[in-house]
Amino acid sequence: MIPYSLLRRCLSKGLLYIPRRGLQLMHALVPSHTDPNIARHVSPAEGLKLVQVDVPQVGEEKVLVRVRAVAVNRADILQRKGLYPPPPGTTQILGLECAGEVANLGPSCKRGFREGDKVMAILPGGGYADYCVVDESNLIHIPSKFSFEEAAAIPEVWITAFQLLYWIVKAQANDYVLVHAGASGVGLAAIQMASKCLNSHVIATAGSERKLEACLHFGAKNAFNYKIQDPSLSDNVRSVAIDGVHAILDCVGASMWNENVKSLREDGRWVLYGTLGGAKLKECNLATLLGKRLSFYTTTLRGRSREYKTNLVKDFEEKILPRLVDGTCVPVIDKVFDGVTNVGDAHAYVEANANIGKVVVKWIHH
C-alpha cells in the first residue's frame with residue numbers, strides 16, 4: 001500500500017486518481033500499436049499512447065519510485081515500433097532508466113534507502129510513468145551535485161558502457177579502443193571512461209563534423225567520419241593504431257563488419273551491443289576472424305539476470321560513480337523536453353540522429 005502521507009501529497013497535486021473500487025491510478029506511456037508492420041510506419045507521437053493504470057505494488061525487495069525525469073534510449077524507439085518486445089513478465093510501459101524519489105519500500109529492503117531519497121535506476125521497463133517499481137539492487141543514490149535531469153542521463157548508458165569496457169572487452173591502459181557512434185549517449189560515456197578512467201587511446205566514429213568535435217572534446221584522441229569511404233575507416237584507424245586496435249565497441253553491426261575485422265589487431269576483442277547498421281551480413285569470412293584469433297562478443301543489458309545486474313551496478317558504483325562526482329567524467333545532455341506530452345518529439349529528435357549525448361524528458365503534466 002502507498003503511505004497515506006504520500007497519497008495525500010499526490011492527491012493535492014492532482015497526480016493520482018481514486019476510482020470507486022479504491023485503487024490508485026497513474027499516467028503511463030505504452031506503444032499504441034503492437035503490430036510492427038503498422039507501428040514502424042506511424043509518427044512517434046501516433047506511436048505512443050497515454051493510459052491510466054494501477055500504481056504498481058512493491059514486492060519484498062522492490063522500491064516504488066516517483067519519477068521526475070526519464071531518458072530516451074534507442075530501445076524505447078524500437079519497442080514503440082514493435083521491434084523490441086520487453087522480456088517475458090515485464091511491463092509494456094516504456095522506459096529503461098529514470099530519476100526520482102523513493103515513495104515506498106518493500107519489507108525486505110536492506111540497503112538503507114528511505115522515503116524521499118533522490119535516486120536513479122536502470123529498469124527492464126516502466127520508466128515512462130508517474131511511478132515505477134525498481135529492484136532495490138538496481139537503485140543508486142543521486143549525488144547532491146546532480147539534478148533529476150542529469151541523473152536520468154546516467155544509469156542505462158553509463159552502466160552499459162561500463163559493462164562493455166570493464167566486464168566484456170576488459171580494456172586496459174594504453175589499449176587502442178575503437179568506439180562507434182561516439183557522439184551517442186553510450187559512445188560519449190565510453191569515450192570518457194576509456195580515456196579518463198582507464199587511460200586507453202580512444203578512436204571514435206561519428207557522422208558529422210559537429211559530432212566528431214564532441215568526441216574529441218570528451219576524450220577521443222582521433223575521430224573519423226564513417227560516411228567517408230576514401231580513405232576507408234580501417235585505413236584511417238590503422239594510420240593511428242598501426243597494428244590495429246585492441247578492442248571495438250560496436251552498436252552498428254552489419255554495415256561495419258568488414259571494416260571492423262580489418263581494424264582489429266591479432267587477439268583483438270570486439271563486442272556487439274546494437275545493430276543500427278543492420279543485423280544480416282551479405283558475406284562473412286570466418287577464416288579472417290580465426291586467422292587473427294579475434295574474440296567476438298554480443299551483449300544486452302535489459303534481459304540480464306537479477307544477480308548479474310546487482311553485481312554490475314555495485315561495481316559501477318565503486319569504480320565510476322566517484323569519477324562522475326569529482327567531475328572527471330560528466331553526463332552529457334543534448335536536450336531536455338518538458339512533460340509527457342512532448343515524449344513523441346523527444347523520440348523524433350533521437351530518431352533523426354540530431355542528438356549529441358542524451359535526450360531527457362521531465363516527467364510533468366501540462
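Reply: Happy to! Let us start with accessibility: buried means under 20% relative accessible area, exposed means over 50%, and partly exposed lies in between, with a 1.4 Å probe and protein chains only. The model is predicted, so local features need pLDDT of at least 70 and side-chain atom pairs count only at pLDDT 80 or more, while totals for chains, interfaces and linings use all residues. Residues are numbered from 1 along each chain as its sequence is written, and side-chain values use heavy atoms, with hydrogens and water left out.

Me: Why is Glu259 called buried?

Reply: Its relative accessibility is 17%, which is under 20%, so Glu259 counts as buried. Glu259 is found in helix H9 (residues 257-263); helices (H or I, at least four residues) and strands (E, at least two) are DSSP runs, numbered from the N terminus.

Me: What does the side chain of Glu259 reach?

Reply: It reaches the backbone nitrogen of Leu233 at 3.5 Å. A polar contact is a pair of N or O atoms within 3.5 Å; within protein, one must be able to donate a hydrogen and the other to accept it, and residues adjacent in sequence count only if both atoms are side-chain atoms. Glu259 also touches Ser232, Leu233 and Ser234, not counting residues up to four places away in sequence (contact means heavy atoms within 4.5 Å).

Me: What makes the pair of Phe162 and Phe316 edge-to-face?

Reply: Rings of Phe, Tyr and Trp (its six-membered ring) pair if their centres lie within 6.5 Å; planes under 30 degrees apart count as stacked, over 60 as edge-to-face and the rest as tilted. A search of the whole structure finds eight aromatic pairs. For Phe162 and Phe316 the centres are 6.0 Å apart and the planes are at 75°, so this pair is edge-to-face. Phe162 lies in helix H5 (residues 155-168) and Phe316 in helix H11 (residues 306-319), so the pair ties together parts that are 154 residues apart in sequence. Both Phe162 and Phe316 are buried.

Me: Why does Asn174 count as exposed?

Reply: Its relative accessibility is 52%, which is over 50%, so Asn174 counts as exposed. Asn174 is found in the loop between H5 and strand S8 (176-179), and has a positive phi of about 75° although it is not a glycine. Most residues other than glycine have a negative phi, and most peptide bonds are trans.

Me: Which peptide bond is cis?

Reply: The bond from Asp230 to Pro231 is cis, with omega near 0°. Pro231 lies in the loop between strand S10 (222-225) and helix H8 (233-240).
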